[in-house]
Amino acid sequence: MAYLISEEAQELLGAVKEFCEKEVKEQCKEYDRSGEWPKEIYDKAIEMQLHMLEVPEEYGGMGLSRVDVAALFEEMAKADAGFATTISASGLGTKPVLIAGSEELKKRACQLIVDGGFGAFCLTEPGAGSDASAGKTTAVKDGDSYILNGRKCFITNGGIASFYCVTAMTDKSAGVKGMSMFFVEAGTPGLSTGHEEDKMGIRTSNTCDVVFEDCRIPASNLIGAEGKGFSIAMKTLDQARTWMGCVATGIAQRAMEEAIAYGKERIQFGKPVLKNQALQFKVADMAIKIETARQMVAHSLTLMDQGLPCSKESAIAKCYASDIAMEVASEAIQMFGGYGYSREYPVEKLLRDAKIFQIFEGTNEVQRIVVANNTIGKF
């Protein structure tokens, strides 16, 4: 672990490692097969307060730095990426409120988390993925309320969330400047969940449609001001992408560790296969790329902790870490040989888990646009 973290985080890291080894790592193998959401595992995580790592101290959180939290998320990801994604995505669901919400909304959202709930961020729609401005969900002002109608898809934590931060068009003629952001609590009439995704990987995280049918919410649930929803969403993603890079780094770390352990045990031509320099060089390249990804994550989070711009750095961390997670997991399978392709061994799952990190929170193609724009500038 190459993060420089506080003593408090170091102590918690030991507890998280023990919990993940005993309660997450092996148990999630069966849930990966069934696709069932492992409620009992998350209940235990809530008892440890792992669900509230990103809650600010003034609203009941632990007061850890973002780099402290990254070390904990990476440890969770090594055990199961779906588990780490669920915990991290709850923080994603809270970020719009913390970025632009009223003091009342901040307190409500954080209290829901502290009480054992999860948050969800609702941006993507069936016809609006990378092009978020193409969203068709609407919010119409009606007296002291807004009425929401529309459908969001691929929403992490959609079926388990206590609240949702939702983008909706308040002025369809204004493009992105007509998009606003709203806080919607679970149980609000007109809010329901729809199709649940049967995913390739991160199968221990819940992903589903979230539907709004004449869903009436108080006008005070508007986050920020009308027309600021797209800006709030982009600021949210600027922060959230680094966390996905962190989880992807955990996947890569686990893949390397599995490959090393297997390479020490597998005997071919009278010696462990890891005695071959060709495989040692594979491991060296894995280690170089993993540590690079980890330090990119740490750098981006340090900028956030200092209140400095980090859009470019966050995009780099997410893009690079997810790309190398796929590469390292694939190389780990190669080092296992035919056994790596078998579900009896863990590395095929790591490859399946890794793929989504090149797609969600903005595809890596979009990340390269963000990096290019920040590097080249206007001309």
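Predicted model: local features only at pLDDT ≥ 70, side-chain atom pairs only at ≥ 80, totals over all residues.

Reader: Which residues of the largest nonpolar core touch the most other members?

Author: A nonpolar core is a set of buried Ala, Val, Leu, Ile, Met, Phe, Trp, Tyr and Cys residues joined through side-chain atoms within 4.5 Å. Buried means under 20% relative accessible area, exposed over 50%, and partly exposed in between (1.4 Å probe, protein chains only). Here the largest nonpolar core has 74 residues, and Tyr 3, Leu 53, Met 76, Phe 83 and Phe 357 touch the most other members. Apart from it lies another core of 21 residues, including Phe 121 and Phe 163.

Reader: What is Phe 357 in contact with, leaving aside its neighbours within four places in sequence?

Author: Contact means heavy atoms within 4.5 Å. With those neighbours set aside, the contacts of Phe 357 include Ala 81, Ile 202, Met 244, Ile 251 and Lys 318.

Reader: How many disulfides does the structure hold?

Author: A disulfide is a pair of cysteine sulfur atoms within 2.5 Å. The structure holds zero disulfides. For Cys 28, the closest cysteine sulfur is that of Cys 20, at 8.8 Å, which is too far for a bond. Cys 165 is likewise in no disulfide, since the nearest cysteine sulfur, in Cys 122, is 8.3 Å away. Cys 28 counts as buried at 1% relative accessibility, and Cys 165 counts as buried at 0%.

Reader: Which element gives the most residues to the lining of the largest pocket?

Author: On a 1 Å grid over the protein atoms alone, a pocket is an open set of points where a 1.4 Å probe fits, with protein on both sides within 12 Å along at least five of seven lines; lining residues have an atom within 4 Å of a point. Grid points are joined across faces, edges and corners, and a volume is the space filled by probe spheres set on the points. Helices (H or I, at least four residues) and strands (E, at least two) are DSSP runs, numbered from the N terminus. The largest pocket has a volume of about 890 Å³, and among the residues closest to its centre are Thr 124, Phe 154 and Glu 361. H7 gives the most to this lining, with five residues.

Reader: What is the volume of the second largest pocket?

Author: The second largest pocket holds about 550 Å³ of space. Its lining has 28 residues, with Glu 54, Val 55, Pro 56, Arg 66 and Leu 98 nearest the centre. H5 gives the most to that lining, with seven residues.

Reader: Where does Phe 269 lie, and is it buried or exposed?

Author: Most residues other than glycine have a negative phi. Phe 269, however, has a positive phi near 55°. Phe 269 lies in the loop between strand E9 (267-268) and strand E10 (271-272) and is exposed, with a relative accessible area of 82%.

Reader: What is the phi of Glu 361?

Author: Glu 361 has a positive phi of about 60° although it is not a glycine. Its place is in the loop between H10 and helix H11 (364-376), and Glu 361 is buried, with a relative accessible area of 14%.

Conventions: Residues numbered from 1 in each chain as written. Heavy atoms only, no water.
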